[in-house]
Structures are given as C-alpha cells and as structure tokens.
Amino acid sequence: MEKEYFFLHYNLQFFANDDATEEPTAKKKNDTRKKGQVAKSQELANAVSLLALFVILRVFVGTLGNNFQEVFKATWNQIPDFLLNASMGEGISSMTVRGMFIYTLLRILLMIAPFLAVGVLVAILINVLQFGFKITTDPMKPKLSKLNPASGIKRLFNKDAIMRLLLSIAKIALIAVIAYTTLADNANKLLVIFDIDLMNAVSLIGEVILDAGTKIAAVFLAIGFFDLFYQKKKFHKELMMTKQEVKDEYKNSEGDPEVKGKQKQRMREASMRRMMQDVPKADVVITNPTHLAVALRYDTEQESAPVVLAKGEDYVALKIREAAKEAGVQIVENKPLARMLYQTVEIGEEIPPELYQAVAEVLAMIYNLRAG
C-alpha cells in the first residue's frame, strides 16, 4: 500500500520575536531628529515662561504701574479738550479719536514689549536646552493621516492623552489649592481694601496676585520636570527597534553582508594576483619549508634594504613556491627567518634592521651560487 505524505508549509518568521527590544541606533536617532521628532515637554516650557513672567513683574511692577498711570493721565487730560471742541461746535473728528487711540495703544505696547520679548526668549531657550537647536520644516508638511477620523479618535484615547488629562486635572487642583491658601493667608489685608485709597488697594491686590502666580509657576515647574522625564522615557521607548529593523538598517547603510563578503573576496583575489605577479622579480624565496613562504627582493640602486614582495601560508605559500620554481627564483629553507619575516614585515615594506644579518647571509649564498 502506497503511503501518502502531506506537507505543511509555514513561515518561520511567525515564531520570531517582533518586540522592539533593541536600543535605537545613532542613525535612527539622527533621522528622527531631522524630522523634528524630539523628546520635549511643553509643560516645562510653559512653566518656565510663566515663572519668568511673574519674576519680571515682581521686579518691575513699580515701573510698569507708573507708566500705566502716565498713559492714563495723558489720555484723561485730552478728554476736556474734546468736550471743549464739541461745545464750541467744532465737533470731534474720527481722525482725532483714532489718533488718540493709536497713541495710547502704542504706549501700552511699548510698555509690555519687553515682557513679551523676555517670554519669547525664555521659551526658545528652554526648548534649546531640552533638545538642542535644529531647524526643520518636516512637521509643517501636510499629512493625510492627521485628517483620518479613526486616527483622531485613537489619539484621544491613547496613553499620552490620558497622561495629559491627568496633568491638567493636577494643575487645576493645585491652582485651586494655592489660590485658596494665598487668599486665606492675606484675608486680613484684603478685608481693609475698602478703607484704603485706590492706589494702595491696587498695589495690595497686585501683591497677592504676584504671590499666588509665583507659587503656581513654581509648582508648574515641578510638574514640567516630571513631564520631561516622562516624555524622554516615552520617546526612547518609541525609538526602540526590533532585531529585524536593526538588520535592515545595517543592510541599507553598510550594504548587504553577502555582497560585502563577495567584494572583499574579489579584492583578496586581485591582491593575490598582483602579489603572485611580483614573485618572479624576487631574488630569493625563504620557506618554513611548506607552511610559510616569503619572497624578497634587494635592489641596491633603489632600495636601502631588502623588500618583501610576497608572503603567504599553506595554500598561498605553495603557490609562491610554484611561481618561484617556474621563474627560476632560488628557494631557501630557513624556518626561524621565514617565521620572523612573515610575522613582522608586510608586503611592500623593507625588512627591519634586526633581520639585516640573517637576510644578508641568505642573499650572499644566493649571489655565490649565481657566480659559481
């Protein structure tokens, strides 16, 4: 009875581990950075900017208040002139009102411009400190995946979105706690706010606001550092690679190992052919006698010492001896000298001084044989 055989075809890759367990390579880190993808914490940038703003306000609040008073007085003092013109029948033109409005707006912008500039500089500085300076337009390129509703819903309920939600809840809770404690600490001062003049009342309220704002910014700074640590860990995990990705990257950047092996083999063969072509130019081939072979040439007019033209072991040594016999080059057996030449002198190099005496004796013997 003839047996029937059934063959089950399966893919061995099914059993492979596709988990990203390998550290990201320098190339992947560099490529990711070129795309503008870096580990950064926007929470930290916002916290530092907020803290810098309140610190600057605390230092320059007096100057800023005086400037606002001057602008207010200048604007207020122009109102009687407008009313006088209106009573005399001249009316108030829209150009006049517009000019006063533009003048007041420019004065206010000039006052707050330094604060805005400091905020921008601090934001840039904190981002540079987080991931260095790199200009790229890749994040600005339109991507159809961002318009996919399914991807949008997925982004709303992923781990990162939950982390942002928790941070937002924590910030709201901390703001409420700090605001309550600050108001409670200054309750006695705020109770007399209706019994003091306007400027003192404004100064007191401003002091309370600055105190609360500075505390909130400091707490936000701690949250920002925590968020930076989380973002770096998350970003590093996202960059982790599978073993297959590492292999593919190596092939793409360094070339296929099989192709490189063939190239090296061809280079070795070409080098050996050139070496074997130089054997007939040698004066002597020193052997071990079968394990090693070293071909030497000594041209007294062009070289200060004998030069190694070819060397090899086993199969290559056999080929050198065969080429020497065909060319009529003398072959001399000298085990210690062959070993020293093979180990210490590369092809195309002159022999070292410590081998002069031993090589000179061999060459002298060869010259005597030729002369005889």
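Predicted model: local features only at pLDDT ≥ 70, side-chain atom pairs only at ≥ 80, totals over all residues.

Start by selecting Ala 179, which is partly exposed because its relative accessible area is 29%. Here "buried" means under 20% relative accessible area, "exposed" means over 50%, and "partly exposed" is in between, using a 1.4 Å probe and protein chains only. Ala 179 sits in helix α5 (residues 159–185).

Residues are numbered from 1 along each chain as its sequence is written, and side-chain values use heavy atoms, with hydrogens and water left out.

**Zoom out**

Show the whole chain as a cartoon. You'll find 12 helices and four strands; helices (H or I, at least four residues) and strands (E, at least two) are DSSP runs, numbered from the N terminus. Of the 372 residues in the chain, 27% are buried.

**A nonpolar patch**

Next, select Phe 101, Ile 102, Leu 105, Leu 106 and Leu 109. Together they form a nonpolar patch on the surface, with about 470 Å² of accessible area. Patches are made of residues with over 30% relative accessible area and no salt bridge; like charges are joined within 9 Å, and nonpolar side chains (Val, Leu, Ile, Met, Phe, Trp, Tyr) within 5 Å. Pick out Ile 102, found in helix α3 (residues 94–131). Ile 102 counts as partly exposed because its relative accessible area is 41%.

**Salt bridges**

How many salt bridges does a search of the whole structure find? Seven. The term means a side-chain nitrogen of Lys or Arg within 4 Å of a carboxyl oxygen of Asp or Glu. Three of them are worth a click:

- Glu 238 and Lys 234 meet through their side chains at 3.3 Å, N to O. They are four residues apart in helix α7 (residues 198–239), so about one helical turn separates them.
- Glu 322 pairs with Lys 319, their closest N and O atoms being 3.8 Å apart. Both lie in helix α10 (residues 315–327), three residues apart, about one turn of the helix.
- Glu 303 and Arg 297 form a bridge at 2.3 Å, N to O. Glu 303 is buried, at 11% relative accessibility, whereas Arg 297 is partly exposed at 25%.

As background, an α-helix has 3.6 residues a turn, so residues three or four places apart point the same way.

Move to Asp 314, in the loop between β3 (307–313) and α10. Asp 314 has a positive phi of about 55 degrees although it is not a glycine. Its relative accessibility of 44% makes it partly exposed.

Select helix α11 (residues 335–344) and colour its buried residues: Leu 337, Ala 338 and Leu 341. They lie on the same side of α11 because they cover an arc of only 100 degrees around the axis, the arc being that of the directions from the helix axis to the C-beta atoms. On the other side of α11, you'll see Pro 336 and Gln 343 exposed.

What do the buried residues of α11 pack against? Show β1 (284–287), β2 (292–297) and α12 (356–371) to see those partners. At the start of α11, look for a side-chain oxygen of Asn 334, which reaches to within 3.2 Å of the backbone nitrogen of Leu 337.

For the last stop, select Thr 287 in strand β1. Is Thr 287 buried or exposed? It counts as buried, because its relative accessibility is 3%. Leaving aside neighbours within four places in sequence, Thr 287 has contacts that include Leu 292, Arg 321, Asn 334 and Ala 338.

Technical notes:
Areas by Shrake-Rupley, 256 points an atom, 1.4 Å probe, with all protein chains shown as cover. Contact = heavy atoms within 4.5 Å. Polar contact = N/O pair within 3.5 Å; in protein donor to acceptor, adjacent residues only side chain to side chain.
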